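Keep the structure in view as you read.

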Amino acid sequence: MFELFVNAIKGSISKDQIIEDELLRYAYSTDASLYRMVPKLVLVIKKESEVLDIIKAANDFDVKLTFRAAGTSVSGQAVTDQVLVMLAKDGWLKHTVIDNGAEIKLEPGIIGADANSYLKNFKRKIGPDPGSIHAAKIGGIVANNSSGMCCGTAKNSYATIKSIRAILADGSILDTGNEKLLSAFKTNKHDLLSGIEHIRQKIVQDSDLVSFIRKKFSIKNTSGYSLNAFLDFEDPIKILERLMVGSEGTLGFISNVNLRTVPDYDFKALNLIYGKLSDLVDITVKIAGFDVSSVELLGGFSFK
Ligand SMILES: Cc1cc2nc3c(=O)[nH]c(=O)nc-3n(C[C@H](O)[C@H](O)[C@H](O)COP(=O)(O)OP(=O)(O)OC[C@H]3O[C@@H](n4cnc5c(N)ncnc54)[C@H](O)[C@@H]3O)c2cc1C
């Protein structure tokens, strides 16, 4: 089956986009995690039609795909012993700043810090602020629902996404920013959307589960599907859109996102306060009413 998959792929993408050489495959066997898995094959993708062909062939020949943007994941999300599908370095780089920087449309190959540089003149930036923002790409930032030092749960991809274009695992295209495509999707994927509504009904009827999901997603939590979507939205399209965020590529390939941006203030300040734990807790409660992005408690060992 695997050879049939490779043959099918060779008809769709050019030779230089297919990495079979053992040494090169070995080079792609790690991300920023402690795991190592040597992919059987690495495919370098440049456009949507290629992704569609690859997903179709994978379904036809029962081959598993793992997508990779910058490969800075720390839990092994971007490694596989099957087929690694990587964004080409010189591809997926288009962006459009909308409404004086209130929103930005981004392709998945754009590095987070570059997205912020497009917004700088508008004094805006994207919400997610992972420590890896100078390397991590939009595809990985959205698919991991990356958070960061300041964005917490209020400004992460889940909270700031306005629309998404994705190729789902069955090859269908979900484009929540395109009315025409969305209406066709609703007709063609009626069963999928009814299934989502059914799951939602089951969740909302279970008060323990509702409380559990609310509690779990009130804190920074980037592992697993965004189950809070079932409580935050009634529209199955909006639920599916938010499920894509944080799905780590398991539900489909993200080829475009429209993110609402957040202010990038001219003046930023950092204050270090030393003291007894009880005093620091009191101060934290007092300053919580101000527009503070982040409060971090550092133990004595941090200064040694
Ligand atoms: C020094 C350092 C600091 C970090 N700081 C933070 C932090 O503060 N907060 C935080 O949340 N994380 C942090 N991370 C983890 C990681 O950098 C982020 O999660 C980052 O957003 C991943 O982006 P990436 O481009 O490297 O994605 P990758 O690692 O390449 O991929 C991430 C996931 O997205 C999937 N994926 C990639 N592209 C697509 C696509 N187009 N469609 C569908 N799925 C796709 C992959 O399959 C994988 O599951 C840090 C990592 C490092 C090394």
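The protein contains 12 helices and 10 strands. The model is a predicted one.

Start with the overall dimensions. Along the principal axes, the C-alpha atoms occupy a box of roughly 65 × 50 × 40 Å. The radius of gyration is 21 Å. A compact globule of 304 residues would have a value near 19 Å, so the protein agrees with that expectation.

Next, the interior. Of the 304 residues, 35% count as buried. Now take the contacts between residues at least 6 apart in sequence. Of these, 60% join residues at least 24 apart.

Now turn to one helix pair. Helix α1 covers residues 2-10, and helix α3 covers residues 48-60. How do the two pack, and at what angle? Their axes lie 9 Å apart, at an angle of about 160 degrees. Angles over 145 degrees count as roughly antiparallel, which means that α1 is roughly antiparallel to α3. The crossing of α1 past α3 is right-handed.

Which residues make this contact? From α1 come F5, A8 and I9. From α3 come I54, A57, A58 and D60. By class, the contact of α1 with α3 has 6 nonpolar residues and 1 charged residue. It has no polar residues.

Note on methods:
Residues are numbered from 1 along each chain as its sequence is written. This is a predicted model: local features need pLDDT of at least 70, side-chain atom pairs count only at pLDDT 80 or more; totals for chains, interfaces and linings use all residues. Helices (H or I, at least four residues) and strands (E, at least two) are DSSP runs, numbered from the N terminus. The radius of gyration is taken over C-alpha atoms; the globule rule is 2.2 Å times the number of residues to the power 0.38. A residue is buried if 20 or more other C-beta atoms lie within 10 Å of its own, exposed if 12 or fewer, and partly exposed in between; C-beta atoms are placed from the backbone. Two residues are in contact if their C-beta atoms, placed from the backbone, lie within 7 Å. Axes are lines fitted to C-alpha atoms, for helices over the stretch in contact, and angles run from 0 to 180 degrees between N-to-C directions. Angles under 35 degrees count as roughly parallel, over 145 as roughly antiparallel, 65 to 115 as roughly perpendicular and the rest as oblique. A crossing is left-handed if the near helix is turned anticlockwise from the far one by less than a right angle, and right-handed if clockwise. Ala, Val, Leu, Ile, Met, Phe, Trp, Tyr, Cys and Pro count as nonpolar, Asp, Glu, Lys and Arg as charged, and the others, Gly among them, as polar.
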